Amino acid sequence: MDELNGSAFYAGILVLMAVALALNTAFRRMETKNAIGGDDTVLLKRSRAFGNLVEHAPLMIILLMLMEYSGNEFFVHIFGIGFILSRISHAYGLIAEEGLGPDNLPRMVGALGSWSIMILASLMCIF
């Protein structure tokens, strides 16, 4: 229980995802010679996919670490896998699909999945 191997594993995967999304954004910036974004919708989508991940991942990593430290290793893996799949779905929906809500199912499922998992993990830490 003193070792945080499970949460470290999911933290590592989330960082690799963040680097991949950052590179995806950087490559588009180089293609378009656009440092900020402007009117380039593709660049904006890629940038937001990266931004959304780095907004949510640190909180989830902290929750996973606290859960694991408390002895909830099983839920660390359930929530870690669910969170990663949700973030992949969200990034795909944001980058490759159009629309919001039911019009963009991968993005909606990814967002709702991420929030639901974070809420459940938070409740496990509280209670």
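In the predicted model, the axes of helix H2 (residues 41-69) and helix H4 (residues 105-126) approach to within 10 Å and cross at roughly 35°. The crossing in which H2 passes H4 is left-handed. On the H2 side, the contact is made by His 56, Leu 59, Met 60, Leu 63, Leu 66 and Met 67. H4 contributes Trp 115, Ile 117, Met 118, Ala 121, Ser 122, Met 124 and Cys 125. Classified by residue type, the contact of H2 with H4 comprises 11 nonpolar and 2 polar residues, with no charged residues.

Aromatic pairing was also examined. A pair of aromatic rings is described by the distance between the centres and the angle between the planes. Under the criterion that ring centres lie within 6.5 Å, the count comes to 3 aromatic pairs. In the pair formed by Phe 9 and Tyr 10, the ring centres are 5.1 Å apart and the planes stand at 80°; because planes over 60 degrees apart count as edge-to-face, this pair is assigned to that class. Phe 9 is partly exposed, with a relative accessible area of 49%, whereas Tyr 10 is buried at 4% relative accessibility.

The rings of Phe 74 and Phe 75 are likewise edge-to-face, their centres being 5.4 Å apart and their planes at 80°. Phe 74 has a relative accessible area of 57% and is therefore exposed, the cut-off for this class being over 50%. Phe 75, with a relative accessible area of 33%, is partly exposed. Together with Phe 79, Phe 74 and Phe 75 form one aromatic cluster.

Key: Residues numbered from 1 in each chain as written. Predicted model: local features only at pLDDT ≥ 70, side-chain atom pairs only at ≥ 80, totals over all residues. Heavy atoms only, no water. Phe/Tyr/Trp six-rings, centres within 6.5 Å; stacked < 30°, edge-to-face > 60°. Buried < 20%, exposed > 50% of the residue type's maximum accessible area, 1.4 Å probe, protein only. Axes fitted to C-alpha atoms, helices over the stretch in contact; angles between N-to-C directions. Helix = DSSP H or I, 4+ residues; strand = E, 2+ residues; numbered from the N terminus. Left-handed = near helix turned anticlockwise from the far one by under 90°. Contact = heavy atoms within 4.5 Å. Nonpolar A, V, L, I, M, F, W, Y, C, P; charged D, E, K, R; others polar.
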